[in-house]
Amino acid sequence: MIFRFLRRFLKEEIDEPTRLKLKFEHFRHLLENNTRALEIMADMEEKLSGDFLFDTAYLQTQAERLGDNVCHLVTELNLLTENRYPELRSICQQLREDILRELTATPSIPPTPYVLPLAGLSREMAASVGAKMANLGEMGNRLGLRVPEGFAVTASAYKRFLEASGLEGELAKHLSQARIDDLESLEATSREIQTLVRQAPLPPDLEAALLEAGRAFQGRPLAVRSSAVGEDTELSFAGQFATLLNVDAADLPAHYQEIIASKFTSRAIFYWKYQHFSADELPMAVGCVTLIPARASGVMFSLDPHAPESNTVLISAVWGLGKYAVDGHITPDLYRVSREPDQQITEQRVAAKPVALAPRPEGGTEEVALDPEQARTPCLTPEQIQSLAAIALKLEKHFGHPQDIEWALDASGEIYLLQSRPLRVSAPRFAAEEKESTWEPVPPLLRFGIRAVGGAAAGRVFLYMRDEDVANIPPGAVVVARQPAAKLVLVMDRIAAILTEAGSPTDHMSILAREFKVPTLVEVGGATRVLHNGQVVTVDADAARVYPGLVSELLEARPRADEDLTANSLFQKLRRILKMATPLNLLDPGSPEFEARNCRTLHDITRFAHEKAMDAMFALDADQSLEPRGCSRLRTDLPLTLFVLDLGGGLRTPGRAWISEDDILSRPFRALLRGFHHPQIRWAGQVAPDLKGFISVFANTRYDMGKAEKGLGGKSFAVITDNYLNFNSRLGYHFAILDAYVSEEKNDNYISFQFKGGAAGVERRERRARLLSEILDDLGFKVQVTGDMVQARMVKYSLLETEQTLELVGLLSAFARQLDLALTSETVAARCFQAFKDADYQLSFLHPEESAT
């Protein structure tokens, strides 16, 4: 333990203020690591939506940062608690090793024949033939769209080639030495590797399979192109690998090796080494299709990625082969078509296209000049434009995501599809940052909040006011709560949406909701007041709107998840990593299962550590361990003998023997004192105590009523910083402990409160405890009552809300002073509860003579 170490080697005792300061520093560092860990988890889960690009480097960086933060958090927790949870270290380390093992694992190549006909391919075969050829097969075989004839040389063939030729070791050696910051060296490495690939002999069985496949296309020119596993998915590799046009099928083995060699061009090495791929990743499948002697070719986007709000299909077109449409060699014609059923052509820009790329009779391609009239003529007729737009929308609907599509028009006017891959559009932003929507189906009930999980859903409102309600939540409900509740994970597989008045996109509940894809809005102030049980509403989490009734337009407009994108290997790897990181198994801090040994994920560790850190700070026992010497005494008109210890930033001038309330800078302490000073609070005068209870308290506490300087009880202590407060007080005949942290980072904010004792008999003290429980529950606390002791905690509210609640807690502490003496019945307790809700803090119904005056 660090304190014993210091005592042993520094030969001096650590005084109590220094010990408390060390504890607070560990606590603050723990909160910082907890916040960063939750932010990383939230960011990683957001990537599973399919709306964001990410790569292997992202996974490695985020996984390492997440592991570092959680392990640092564990270290700070053990320093804070004198090594109370040593088992967390080994649990955290094991999880980090498991995640690292997953990061470095390479995808297995499915065993298949070396050649598969295009007529037998579908999107599920992307791991064998790459997404490019798998999607081409999907379009032809399942959608009945026109695609060229052809076949795929599989990833299994690539594996066989590398193993039989002995290239695996050589490639790894050369690539390990490649430096992406030295382009000359990179070029040299590329030339060496490509030479090795071109000169390596193909294994006889693979060469025979290629020759046999080529014979079926003898006399028909081919287009041979890359279809690497991983290409055209989360990473496009656009333009990185080779495409050979108008080549002879008889020379297919040489063409195949040329495509494999293109995996190791300098630009391709730079790209995939930058993305942290290893030599045995990205197995190269190859697509071989008949060349379409195109009259015109081009690219189309099923949704304009630069202006998705325009709701148009974007089509570009050039004369001849499509290479010039994608490499920027000439300016293509540009057409925009409405995505509405009428498919109106909204824009048509015809460019001057002086040249075209055409097949040469002897093989290969050549650039040909076009006469001025053809150069200025549109490549497509209106009918052809609309036909292409209809195909684009059909593909988007089938693949569940906007598509980037290559097409060709043959001499007879038939449209052929050459490729379809996911299209990246602008990622959605937090709703709070979005511009005001110009489209409203009906006036919304609520029009603010922060998107934690995007999407739209409808259902009946269920007001979730306490954890015990979770068993009563019906399927399909829109759950509305005052604050986030991780316990909602128990029903996230069957609820429609979540709204909370407090919270953050990075809190525990939001991370879980994202895993279950439940549309979720946080910071929806007033939601529990505006909405009522059983009310049917539609939640648009992306726009931060809640509408009355069922808004079918919103629900129908939501695109399906991009199955192609989220089914690829990188997304699957992210999913597997997140299974070790984000599920939350420790839901209830009051459960006997809430123990360190039961942490099974990094999220479990953060939840456990945060809870136990708050407990540790709450149990500082400052009133027992501190002495007035070394503290500052507060000069105040409150009947308190109050000493203040500043751990940093809490006082304007620390170290003075006496301070005034104007010297206090600590935000939580100032908020508490504002509550104490509420104009309706009665500090003077007492309700006549129950004699038997009073005598008992007097005997046990030896309360000296004759010493006015002790105020209402003995000494009280406040341990403070600029944003932290630990307050131990004796008000009248009861004892209160309050521990609070207030900052701009809402995930760190909390209030812990404990109240016990009194001058009345047991029955009345317990009645007051129940009254305080009801009031605290109404303020948003989670409360536990044991006899006459009340324990309450509120977490993750905003800075302003936490300050306001602290002020109310201060007010409540004074409001409840000796209230047990007046609580003669449950009826009086109920009237006191209503008085607090009505801001009648002087309890006028107990003092009618004062009200009359």
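The model is a predicted one, in which local features need pLDDT of at least 70 and side-chain atom pairs count only at pLDDT 80 or more, while totals for chains, interfaces and linings use all residues. Residues are numbered from 1 along each chain as its sequence is written, and side-chain values use heavy atoms, with hydrogens and water left out.

Strand β8 (residues 333–338) and β9 pair in the antiparallel sense over four bridges; two strands are said to pair if DSSP finds at least two bridges between them. Helices and strands themselves are DSSP runs, numbered from the N terminus, with helices being H or I runs of at least four residues and strands being E runs of at least two. Both β8 and β9 belong to an open sheet of six strands in the order β9-β8-β7-β6-β12-β13, with antiparallel pairing. The edge strands of this sheet are β9 (345–349) and β13 (415–422), each of which pairs on one side only. Neighbouring strands of the sheet are turned by 15 degrees against each other on average, direction ignored. Helix α14 (residues 382–399) packs on this sheet and touches β6 (296–301), β7 (312–319), β8, β9, β12 (403–409) and β13, where contact means heavy atoms within 4.5 Å. The direction of α14 makes about 40 degrees with that of β13; for such values, axes are lines fitted to C-alpha atoms, for helices over the stretch in contact, and angles run from 0 to 180 degrees between N-to-C directions.

Strand β5 (residues 286–290) is joined to β3 by five bridges, and the two run antiparallel. Within this pairing, S226 stands opposite V286, and A223 stands opposite V289. Strand β2 (residues 150–153) is also joined to β5, by four bridges and again in an antiparallel arrangement, with C288 in β5 as the bridge partner of F151. Because five of its five residues are buried, β5 is largely enclosed by the rest of the structure; buried means under 20% relative accessible area, exposed means over 50%, and partly exposed lies in between (1.4 Å probe, protein chains only). Both faces of β5 are covered, with V286, C288 and T290 buried on one side and G287 and V289 buried on the other. Strand β3 (residues 222–226) is mostly covered as well, with five of its five residues buried. Four bridges join β3 to strand β4 (residues 243–247), and these strands run antiparallel, with V247 in β4 as the bridge partner of L222.

Helices also pack against one another. The axes of helix α4 (residues 87–104) and helix α20 (residues 602–618) come within 10 Å and cross at roughly 155 degrees. That angle makes α4 roughly antiparallel to α20, since angles under 35 degrees count as roughly parallel, over 145 as roughly antiparallel, 65 to 115 as roughly perpendicular and the rest as oblique. The contact is made by L88, I91, C92, L95 and I99 of α4 together with L602, I605 and F608 of α20.

Two single residues show how side chains are placed. D748 lies in the loop between β26 (734–741) and β27, and D748 is buried, with a relative accessible area of 6%. Leaving aside neighbours within four places in sequence, D748 is in contact with L31, T35, Y741 and S743. The side chain of D748 makes a polar contact with the side chain of T35 at 2.6 Å; a polar contact is a pair of N or O atoms within 3.5 Å, where within protein one must be able to donate a hydrogen and the other to accept it, and residues adjacent in sequence count only if both atoms are side-chain atoms. Q754, in turn, has its place in strand β27 (residues 750–757) and counts as buried at 17% relative accessibility. The side chain of Q754 makes a polar contact with the side chain of Q791 at 3.2 Å.

Finally, the chain as a whole has 27 helices and 29 strands, and 56% of its 853 residues count as buried.
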